[in-house]
Each structure stands twice: as structure tokens, then as C-alpha cells.
Amino acid sequence: MLELLTSLGTAVIHLLIQPYYYIALLFIALYYRRQVALERKLIHVKQHSWGAETWRTIWSGLMMGLLVSLAAVALGISLPPDAVICIWIVSLILMLFRVRYLCFAYSIGLLGIMQFIFSFFPDQLQDGTAGRLVTALREMDIPALLVLAALLHLAEALLARWQGARLATPLFLAGKRGKVVGGYQLEAFWPLPLFLLIPSGTGISDLPWQPLLGGGLGLVSLPVIIGFSEMTQSLLPGRKAARTAGRLLAYSTLLLGVSLLAAWWSPLTLVAALLALLLHEGLSWYSALEERSTSPSFVHPPVGRKVLAVLPGSPAQELGILPGEVLLKVNGVLLTDAAQLHEALRMNPAYCKLEVQNREGESKYLQRPIYDGDHHQLGMILVPEPDEAVTAEAKPSSIFGIIGMKTGTRTRRRALSAGGLQRANTAAAQPSQPDLPKQEPAEG
């Protein structure tokens, strides 16, 4: 046990001095700064704090990384130090194509296929740095690492279920018929510091128990990034996160079973590697197909204005207003457009009475006094108007967009239609009237 604790201390020091973990932290911080920039561009306020989200990501990733490490050590999953470099090289290359490819299943699955290919050329690339990496690739225990990938996706499923709904960013998206609809982007990444065993036979004594997948009494650090990326126009964030978590759980369970069989019978290694890649990609494809075949849910009804999001700590949150509910009346005024909301709020500057239709279609009546010093808005982000000017791109983030702080928003050519021009003039006139909201009417 003393030897194991000594190895753990050495692995922690190596984790702190190597650049990979800090690269992961920098990527996470840049991603959340871009998320805040996207929110300011679309809804003109920030719903999340990039500093708070980065810190939440770090501590939750650290906690989950320790749990996965304990499971990996118990199973005896081992990793040579040179293999760490191989995994990170493949991960960084994949990330250049799409951020969602920054996934352990893709990296290990691809390395498993490469190992299978190099098995037909045993005498190639044996010298120099390339030879060292190819040797490390040939010696990698791919089934054991695929078991680790399954454990990481199990952790990802738990984090998506736990934190996924809170991470949702409201979006204004261009619909199929040219009209703007509301939606959400659920995208999150967690840096996990892993501590894996050094393989047996390297001068390290065996573990005090008999592990399932081998391994010795020594630890090496491996920082990895896990995460998921989803976009929805048909489901509330909580339901979408729950559905995604359920599919990730099924994926991790299946991958775990096949990988354990591959550890027992090596010809299944290629099958497990292909399963890790193709099934993961199939989940993303099926989720996108599901969204394309479903009608958008976040559009305004003929009467009332639907709520897309509620700002934390706002009067709307205090009143118990939830995303997906419909604001029917404000101070007795039946709403048929966003401009009426602001006019109705000005009718009684000291008090606010609301009639809200909940998600089940039942009405609830809310009221709240407006005190001096209160924010001049209720704190609701309404579903966009059909001719909204600025929309977001309905595609996952790219690494270049994250580094360059590119929000991916675009201004529609038909933004200044009759309705758009009227709303633009209303917004331009608001700064001279202190009791009016400074944001566009899309925010209540």
C-alpha cells in the first residue's frame, strides 16, 4: 500500500507538470467564454458565468476522474507512459476536425484499428521517434482501454443527467420554412485526471489482489476530456439531457460487455474498436435525424408568448415561471406580440399581475410588487419572433471558432421586414425611456 501511495504521489506531480491537463483546462475556459459571447449576441444578456461554469467543470471532472480511476485500478487497466502520448496525439488531431471527436472512444477505437493494420507489417517503423510510438501502439492493451472508454462514457452519462439541463444555452435558429424558431444547445466538456496502472513486468510488483485485466503496482497520469454535444428544437433541456444520458448509458454498457469479451478472446478486439467508433457516431446521427423529423416546439402560439428561458435570480424565477410555459396576460392585457408585453408592464410600474399557462395547459395566476431598485425586466427570454434578425448556426462548435471567439451567429437578409423594422425602431427608441427594457423585445 505504501508503494501504491508513493506511485500515486509521483503520478499527481507528473499530472501537474505536464502540459496536457492545462491544455484541457484552457480549452474548457475558452469554450465557456465563447458560450457567454453567444448568449450576449443572441439574447443580449448572459445566462451563464464562464468563470463559475469553468470551476464547476473542474471540480466535477476531478471527482468523476477519481471514481473512474478507482474502477480502472480495481480492474487492473494498465497503460505504458508512451501510450499516453499516442492517445493525446490522436485526440488533438481528431479535435481539429470536430470538437465532439475529442472523445476517448474515438481515440482508442482508431488506435485499435491502427494496431490491427500494423500487425500485418511487423518489421516496419522500428527506429526513431516514429518507431517508438509504433512500438507503444503495438503494445497497447486495446481491450482494456476500451473498457476504460466504457467507464468514461458511463461517467459522461451521469454528468449529462446531473448537469445537462443547467448547461443549456437558448438559441434562435432558422427553421425549415425560413421562420426563426427557438431551441437549445446542450454542450459540455469535463477534464478528467485519470491515474492508471503501469503494466506488469516493468520492475513494478503485482497488485495485492488479482485484477481482471492485469496491471502492476504503479501509476501513470492521463488527463482526458469527456463531453457531449446536442441541439434540440423539440424538447426541453431536462428531457433532452435525460434522453441523451440514457443512450450514453446503453452505449457504455454494450461497449463494456464487448470489450471484456475481447480481453478474454483477442479476435474480438477489432470488433470492439469498430463498435466504439461506429455506434458512437450512430448515436449522434440518430439524434440529428430525430430533430430533423420533429416539428419545432418553441414557437409562439396564436395567443400568448412562449418562454424559452428564465434568467437565474430574476423576478420571473422568483415567481416560478418555467421554460416552455406561455405568458397569456400581463396586467390584464392579452398578449399577441412581444411589444405588448412592455406596454402592459408600463401600465402599472409598482405591481405586476400575470396569467401563465403551464406545460400541462392549465392557467396559473402570479403577482409580484415591483420595488425601487428592481431590474426593469422580468428576466424571461421569450421564443423568437418569426422574423428575428439574428440567428445561430445549427451545428456543433469547432476548435477554431472556440479559439477565435466566433459565435457562429448570422444576420438574416430579411431582418428588416415590416415587422422587423418596427421592432428595430422600438428598440432604438428605448434608451431615451428609462422605464423600458434596453434589450430587444425577445427578452421579457
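1. Helices and strands are named here as DSSP runs, numbered from the N terminus, and in those terms Q47 lies in the loop between α2 (19-43) and α3 (50-75). The model is a predicted one, and this should be kept in mind for each point below. Q47 is buried, with a relative accessible area of 16%, because buried is taken to mean under 20% relative accessible area. Leaving aside its neighbours within four places in sequence, Q47 is in contact with E39, with A168 and P170, and with the run A309, V310, L311 and P312.

2. As for the chain in general, its secondary structure comes to 13 helices and eleven strands. Of its 444 residues, 51% count as buried. Among the contacts in the chain with a separation of 6 or more, 73% are accounted for by residues 24 or more positions apart.

3. The UniProt annotation "transmembrane region", which comes from an unreviewed entry, covers residues 12-32, 53-73, 79-97, 104-122, 142-160, 181-201, 207-228 and 248-265. Two of these spans can be set beside the model. Over residues 79-97 the chain is 89% helix and 0% strand, with the end C-alpha atoms 26 Å apart. The span 104-122 is 79% helix and 0% strand, and its end C-alpha atoms likewise lie 26 Å apart.

4. With 24 residues at 1.5 Å a residue, α9 should span 34 Å, and its end C-alpha atoms are 35 Å apart, which agrees. The buried residues of α9 are T269, A272, A273, A276, L277, H280, S287, E290 and E291. The buried residues of α9 pack against α5 (104-118), α7 (142-163), β3 (219-232) and α8 (237-264).

5. Which residues touch the most other members of the largest nonpolar core? In this core of 90 residues they are F27, L148 and L222, while α7 is the element that gives the most to the core, with 13 residues. Leaving aside its neighbours within four places in sequence, F27 is in contact with M95, V99, L102, F189, I225, I399 and I402. A second, separate core has 18 residues, including V307, V310, A316 and V356; of these, V310 is also one of the contacts of Q47.

6. A search of the whole structure finds nine aromatic pairs. In one of them, the rings of F116 and F120 have their centres 5.2 Å apart and their planes at 90°, so the pair is edge-to-face. F116 is partly exposed, with a relative accessible area of 37%, whereas F120 counts as exposed at 56% relative accessibility. The rings of W190 and F228, by contrast, are stacked, because their centres are 6.2 Å apart and their planes stand at 20°. W190 lies in strand β2 (residues 180-197) and F228 in strand β3, so this pair ties together parts that are 38 residues apart in sequence. Both W190 and F228 are buried. Ring pairs also link F27, Y31, Y32 and F189 into a cluster, and F27 and F189 are listed above as being in contact.

7. Strand β5 (residues 326-330) is mostly covered, since four of its five residues are buried. How many bridges join β5 to strand β4 (residues 305-310)? Two bridges do so, and these strands run antiparallel, with L327 in β5 as the bridge partner of R305. Strand β7 (residues 351-357) also pairs with β5 in the antiparallel sense, here over four bridges, and in β7 the bridge partner of V326 is Q357.

8. The pairing of β5 with strand β6 (residues 333-334) is again antiparallel, over two bridges. V330 stands opposite V333 in β6. The hairpin that β5 and β6 form has two residues between the strands, and in this hairpin N331 takes a positive phi near 55°.

Notes
Residues numbered from 1 in each chain as written. Predicted model: local features only at pLDDT ≥ 70, side-chain atom pairs only at ≥ 80, totals over all residues. Heavy atoms only, no water. Buried < 20%, exposed > 50% of the residue type's maximum accessible area, 1.4 Å probe, protein only. Pairing = 2+ DSSP bridges. UniProt positions renumbered as here; feature names shortened; annotations may be inferred. Expected span 1.5 Å × (residues − 1). Contact = heavy atoms within 4.5 Å. Core = buried A, V, L, I, M, F, W, Y, C linked by side-chain atoms within 4.5 Å. Phe/Tyr/Trp six-rings, centres within 6.5 Å; stacked < 30°, edge-to-face > 60°.
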